[in-house]
Structures are given as structure tokens and as C-alpha cells.
Amino acid sequence: MKDKNSLTQHSLLSAVAAMALACALPLAQAGTPRSADAGEAAGKSKAEAETIYRNGYVYTVDAQDNVHQALAVRDGRIVYVGDNAGAVAFKGKQTRIVDLQGRMLMPGLIDAHMHPLSGGKRLLHCNLNYEALTVPQFQARIQACADKDRAAKGGKEGKEGKEGKEGKEGKKWLQVVNWFQQSMLPAGVETTRATLDAIRTERPIAVRSSFGHSYLVNTRGLQAAGIVRATPDPAAGKIVRDAAGEPTGLLEDAAMEMVSKLLPKTTPAENVTAASFAMEALGRQGVTSFLDASSDEEIFTAFAAIERQGKLSARAHFAAEVATEDGADPSRAVASVLKMARRYHQESGSAAPSMRVRHAKIYMDGVIAAPAFTGTMVAPYFVDRGTPQHPHWVPGDSKGPPTYFKPDALKAILIGLAKAGIDAHVHADGDGAVRETLDAVAALRAAPGGKDARPALAHAEIVDPADFGRFAALDASAVLSFQWGKPAPDTVAGLKDYLGPQRYAILEPQSLLLDAGARVVFGSDWPVDALDQWFALKVGVTRTNAPSAGPAFAGKLGPAPGMPRAAVLRAVTMNAAYTLRQEGQVGSLEVGKLADMIVLDRNFFQIPDEEIADIKVLQTVVGGKLVYQSPAFP
């Protein structure tokens, strides 16, 4: 790969300086957007632009959120932002003129937390599409997949020979994805291995929750994985058991590895196909940069392949995953991240997308929603001590599991990563995990070199009010999935009673953190949810579900307001660019920056709130190159 630099703080700053020089921006201004109007452009060389956009609503997301009429692009960068008259000076014989006809032009979306290869790969398996299903519907969908696969194999499921379970069973697993566990109907219905044992097949079945933190497997699956009554829970996971102590078939977090290690791996060719599909999907949504929030060798290899093929159509950032077992040896944890960075990170002054590895992913806990309760909490989850006729919810005995990295280990890892020029991206879902992570960030800030780090906490679905102000005080970014902040099966049936009224009132605290001064950033977490950026941004503004969700999920989630529209767009542009150390290059439409931008079919600021979800991207441009064009846009 292209990068051969040592990964020290000095080399990182040198790389930033070199990039700033290539952009003709002083290093002191590399992270500070400059105003770019007709007057500024008038003092520059009037070299011919390749493309001029005119007659538009050009929303810049600069420091003043300025709106202009026109924009010009040359060599993949913005050379002019201003009024129509000023753009004329950049017109040449070969210049392409795009008449926006009043449409909105804005910076491309920057998704600061997603799993694009996983999103692409899920097309290869039996897909439940995040739908609300009854148990019979759930079984029927999986049965149809088993029958279809059997037919594709000539009516045979395969013969068991003498190869043993790991060989034969590993090839025969039926994998099911995008199961919205919390939306099973009726709410709270139990699903166990018996649910899957009713499927007519001799194959082991593994059903993956869309949240990505749970598997449901049938009895054959438990047998193939060697999971029995006496099997101990792994340190960072749980084998769910019934009242008699027998495994129910639900496996949480690290317990999933007992099954996942047996599943047949997708081939390198399939991974390249999946990565290519992901690029096409991002282009349609208007995503021009992304962070793969938990990267391993398989992910790096797939994206390196499409980069070599010239098919990398969005700026790709990767957070190399830190294994939980490396928590016992912080130096080994840092070394594992640096190994991936040395191998795959690219520094390039080109306008074309490249691969950057300057982040590390750390999982502090699981998910707070029922039935998992693997999010680490400050106070216990509630339990029902009443009867079905008269429920009585009171604090129980469980605060969820201990955090997956002990406090001292997390502090050491964050400090070690910062010394190496790597920013930590920490999964912290429960308020207990959030608090411990903020404590570690406080230690990082006090350490030599720690002030320059850019740590981020992902998800933070529940934050204790005492910690609201700490995000701003510690300059820790909150990377949140806005689409979760609505009434839905996971937030109502899966959380309302279990959190109690006080905590439920502050669930999904996007605006609460924003009001406390936090840098709020958007990350979709695709494929935990379907890739629908504009629905997510609508929820960020309204905290409402789609009307099609039905009366059970009508209205707003909690008393907290939605975020202002400008704050929502800044979260998915400039704020996200900051977390990726790219605010001097992308995130706003300003002279000298890369021409990463999108054209919308309607104006984000001039339509009713609920219509934000209906926005369609007409054109996506990355580094001045068209990567997606809607048939509806000339």
C-alpha cells in the first residue's frame, strides 16, 4: 500500500502539514473553514473550471452556514463559491454548466459509524429485512430460505460423512440476517432454539440480530458449537439459559464467537462484490466519506481490492478493531492497530478516494435493549415484581455486565493509541460504559500528547445527566445514530419499562448533549438498520417514526426536542469530518476543499419536517468526479 510512514504523532502532523500545503491552505487554517465568496475568487487566477453549478441553493456548512448561488470545480477541488455573476469568470470553452434550477447543493454526507462490508455481505444470506414478524411468520420466512437453498442444491441437504461436525456442519449452516429481534410480535414474545427447531431441516441455523450483538441458534447449532449446560459464559458475553440452566439458543456478544467461528467464510471474490455493492448504495444515499467502525483483515482486504480496481467511490476510513482479550496487554492492543495501519493506510494528495487507517474500535459493552441487557449501566435495570394484571416495575439486581475493558486497561490503551497518532472510537451504549469511557478520556487529556487526540463515543443511547457536560469539557465527540431516537419496538417494548421513567425520559439524548455543548456527530451503524440516511436525519429533527409504523409508535420519543435542522446537517458533514481529521479537506463547500458534494431533489430547509425522509439524492460527486446520477436529474 501507499503509506510507509512511521505512525508517530510527529509523522501524523507531518502528513497533515503536507496535505494542507497541497491544498494551498496554511497549516494553521487546515482545520478552519475559510469564507469563500465572489470577492475572494476575484483575486484568484481565472483558470477555466471543469464544472460550474449555477442557479442553486448552495448550502456551504461553513462557519456562518452561508448560502450562495454558484460553485466551480477544477482538478477535483472547489475554486469558487459565490453568486452567478462571479462564476462567469471561471467559464471556458470546455466548462460543463449545471443549471441547478433552484435545487439544493450541499456537502456530501459523512457517515462516521457504519459497517459497509457487512451491509453488502448480508445480501448473500437469508434476509428478514428488519421486518416486524410473528413467530409463525418468522418461521415461514426461514423455512422458505431453507427450501430454496435445498432446491438450488438439487433437493439434497448434503450427507454427513466422517469429516466430523466442524467440517461438514460448518459448510451446511443456514445463516439468517437482519432479524429485528425487538420487533417480534406480539411485543415480548419469546424466541428460543425451539422456535428454530420447528424449521424442517437437518441443518444448524444461526439467526443474527440486526443489532449485531445476538445470535439465535437451533439445537443442531448448539450441538455443532459444543454449547451445553456446563459451558461457561465467555468473559465478554452471555449464553442465555432457561430456569433449569439449559441454553435457550440465544448467544450474546462474545458468546456469538462460538458459532461465528464455525460459519463458512465468504470468499475474497464475494467480499469484493459486497464492497462494490456498498459503494453503489452509498452513492445513491449521498455518502461521500465513511468510517468502517470495526475493521479486520477481511474488511481491509476487500476494500484494498476495489481501491486497486478504481472502484472506491467514497473516502474510506477504518477503525481497526481491538480484541477484548488484548485488554490484558495494552501494548499488544496498540501494536495490533498499528500493524493494520502500516499495511493499509494511504496518504495521498490526490482528489481521488483512498483508504485511511487512523482509528481504533474498542467495545466497552453490548446493547441496553431487552432481551440482551448487555449494556453496562450506572443503576440497575428495572424488573417486574408484580403480576400480569398488576405489573410493578422496580430496580432489579443487574446493572448489566462489567465493561469489556477494565478502567485501567482502557486508559492505557487510549494513551498508547494517542502517542501513535491513532484516535479511539469507543462503543459505549449504557450510561455506565459511557461514564467509564469519559473517565478514560479524562486520563488521556492529562497524559503527555493526550490533548491532541480526538476520541469519540459511539451510540451513547443513555447518558447519566451528570455526564452531559463532560463531552464538551473533555472534547469527546458523541457519534449517534439519529434514527434510534423515535418510538419503535426497541425503544418502547425493549426499553421503556426496563429503564424506568426517569431514564426513559432522556433516552437517545442527541439534543440534550447538543445543548450541553457536545460535538454531536451522525453515524448510521448500517446494517444495524436499513441504509436510509434521510429518514435518519428526519428522526434527528422530529424524534418521530414513519407514519407506516402504526399508532403504537406514533408521536415523539420522550420530552426532549429534536435537533435544529442546521445542527443535524452539521453533524453529518463538518462534525463528522472533524472526527476523521478531514475538516480541512471535506465537510463544507469552500474554496480549496475537495469537491465532495450532493444535489438534492428538494430543499432540506424549506419542506415540512416529515418530508425530510422523502429527500432523494439527484447527484453525488466525490473529488469532482460524478459517482451517482439519478435519471431524474439532467
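## Sheet order, ring contacts and backbone geometry

Six strands form an open sheet in the order 9-10-11-12-14-13, with mixed pairing. The edges of this sheet are strand 9 (126-127) and strand 13 (237-241); each has a single partner strand, so one side of each lacks a neighbour in the sheet. The structure is a predicted model.

**Sheet edge**

- Strand 13 and strand 14 (residues 247-253) run antiparallel and are joined by four bridges.
- Within this pairing, I239 has L251 in strand 14 as its bridge partner.
- In general, the strands of a sheet pair through backbone hydrogen bonds, either parallel or antiparallel.

**Aromatic pairs**

- A pair of aromatic rings is described by the distance of the centres and the angle of the planes.
- The count of aromatic pairs comes to 14. In one of them, the ring centres of Y80 and F90 lie 5.3 Å apart with the planes at 35°; the pair is therefore tilted, as this angle falls neither under 30 degrees (stacked) nor over 60 (edge-to-face).
- This pair links distant parts of the chain, ten residues apart: Y80 belongs to strand 5 (residues 77-82), whereas F90 lies in the loop between helix 3 (84-87) and strand 6 (96-99).
- Y80 counts as buried because its relative accessibility is 0%, and F90 counts as buried because its relative accessibility is 1%; the cut-off for buried is under 20%.
- F290 and F318 form an edge-to-face pair, with 6.3 Å from centre to centre and 80° between the planes.

**Charges over rings**

- R454 places its charged end over the ring of Y578, at 3.8 Å from the ring centre.
- The charged end of R208 sits over the ring of Y215, at 5.8 Å from the centre of that ring.

**Helix 13**

- Helix 13 (residues 407-419) comprises 13 residues and reaches 19 Å from its first C-alpha to its last, close to the 18 Å expected at 1.5 Å a residue.
- The buried residues in helix 13 include A409, L410, I413, L414, G416, L417 and A418.
- An α-helix has 3.6 residues a turn, so residues three or four places apart point the same way.
- G421 follows helix 13 and has a positive phi, near 80°.

- Most residues other than glycine have a negative phi, and most peptide bonds are trans.
- The peptide bond from L185 to P186 is cis, with omega near -10°; P186 lies in the loop between strand 10 (174-179) and helix 7 (193-197).
- W526 and P527 are likewise joined by a cis peptide bond, with omega about 10°; P527 is in the loop between strand 23 (520-522) and helix 18 (533-542).
- H459, a residue other than glycine, has a positive phi near 85°. H459 lies in strand 21 (residues 456-459) and is buried, with a relative accessible area of 4%.
- D475 is not a glycine, yet its phi is positive at about 50°. D475 lies in the loop between helix 15 (468-473) and strand 22 (477-480) and is partly exposed, with a relative accessible area of 29%.

Definitions and conventions. Residues numbered from 1 in each chain as written. Predicted model: local features only at pLDDT ≥ 70, side-chain atom pairs only at ≥ 80, totals over all residues. Heavy atoms only, no water. Phe/Tyr/Trp six-rings, centres within 6.5 Å; stacked < 30°, edge-to-face > 60°. Helix = DSSP H or I, 4+ residues; strand = E, 2+ residues; numbered from the N terminus. Buried < 20%, exposed > 50% of the residue type's maximum accessible area, 1.4 Å probe, protein only. Lys NZ or Arg CZ within 6 Å of the ring centre and 35° of its normal. Pairing = 2+ DSSP bridges. Expected span 1.5 Å × (residues − 1).
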